[in-house]
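Visitor: I am new to this structure and would like to learn how to read it. Please show it to me, then take the features one at a time.

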Amino acid sequence: RPPEGKNTVCIGQEFPLDTFGYADPVKHTTIKNFMNQLNESNALPIWKKLKEALPDFEFRMHGSNGDDKMIDGLPALGDAMRDMSFLFQVKHHGEGFGHVIHNAYSVGRPAIVMMEFYKGKLASRFLIDDYSAILIDDKDFPTLSERIRYWSEPERHLQMCKNARGLFEKYVSFDDDEKKFRIFLERVMAG
């Protein structure tokens, strides 16, 4: 937190909401990852174990050096996210804003994550286990794969997708961010 009395503002990284608009899921057993260098990350063993535990699921690894092609351009990224069931987002080095998670929750797709990497970060407000996300923390692989199967059942999955989008709508307003930023700038200019 900044010192008391300092002029500060906390806003998110805006992205086009029409590009990342909600759509009910069509697929219920597709897990995608959009991280760069997943093949070189500490998350790769988790990814591989999930693929082994869920052989009837479709796994797609996008991002640089991924097994599947990199998604080029925001419209294609929005479409690719609507075409998934769950986002696999296990970033051991953490992230600040959580742009990919915000995009996924905007389209209404829940994440499979480790909460320990998101505590105190903006994206943590979306990550409610067995409501809007599947948390890996403290779950063995049989339990984790059972939870993924449970939440991939079409009616349950649809509810989790709606929960994800609902949390996005509750916590994200780029219009409100713009107003906060204008107030911040007015204070800076007033000196």
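Guide: What follows goes through strands, helices, salt bridges and a surface patch.

Guide: This is a predicted model, in which local features need pLDDT of at least 70, side-chain atom pairs count only at pLDDT 80 or more, and totals for chains, interfaces and linings use all residues. Residues are numbered from 1 along each chain as its sequence is written, and side-chain values use heavy atoms, with hydrogens and water left out.

Visitor: Which strands pair with β1, and in which sense?

Guide: Helices (H or I, at least four residues) and strands (E, at least two) are DSSP runs, numbered from the N terminus. Two strands pair if DSSP finds at least two bridges between them. Here β1 pairs with β2 in the parallel sense, over 4 bridges. T30 has E58 as its bridge partner in β2, and K32 has R60. β1 also pairs in the parallel sense with strand β3, residues 86–88, over 2 bridges. In that pairing, I31 stands opposite F86.

Visitor: What unit do β1, helix α1 and β2 make?

Guide: A crossover is called right-handed if, with the strands pointing away from the viewer, the path from the first strand over the helix to the second runs clockwise. β1, α1 (residues 44–53) and β2 make a right-handed β-α-β unit.

Visitor: Which residues of helix α2 are buried, and what covers them?

Guide: In α2, residues 74–82, the buried residues are L77, G78, A80, M81 and R82. Their cover includes β1 (30–33) and α3 (99–107).

Visitor: What does S106 touch?

Guide: Contact means heavy atoms within 4.5 Å. S106 lies in helix α3 and counts as buried because its relative accessibility is 0%. Leaving aside neighbours within four places in sequence, S106 is in contact with F15, L17, F20, G21, Y22, R165 and F168.

Visitor: Where is W151, and is it buried or exposed?

Guide: W151 sits in helix α4, residues 141–152. With a relative accessible area of 11%, W151 is buried. Beyond its neighbours within four places in sequence, W151 contacts F86, D130, I134, R156, H157 and M160. C161 is 10 residues from W151 in sequence, and the two are 9.9 Å apart in space, C-alpha to C-alpha.

Visitor: How many salt bridges does the structure hold?

Guide: A salt bridge is a side-chain nitrogen of Lys or Arg within 4 Å of a carboxyl oxygen of Asp or Glu. The structure holds 12 of these. In one of them, E178 bonds with R182, with the closest N and O atoms 2.4 Å apart. E178 and R182 are 4 residues apart in helix α6, so about one helical turn separates them. E178 is partly exposed, at 36% relative accessibility. Elsewhere, salt bridges that share partners join K27, K32, E58, R60, D68 and D83 into one network.

Visitor: Which residues make the nonpolar surface patch?

Guide: Patches are made of residues with over 30% relative accessible area and no salt bridge; like charges are joined within 9 Å, and nonpolar side chains (Val, Leu, Ile, Met, Phe, Trp, Tyr) within 5 Å. Accessible areas come from the Shrake-Rupley method with a 1.4 Å probe, and for residues only the protein chains shown count as cover. I11, F181 and L185 make a nonpolar patch of about 230 Å². F181 lies in α6, residues 174–190, and is partly exposed, with a relative accessible area of 34%.

Definitions and conventions
Buried means under 20% relative accessible area, exposed over 50%, partly exposed in between (1.4 Å probe, protein chains only).
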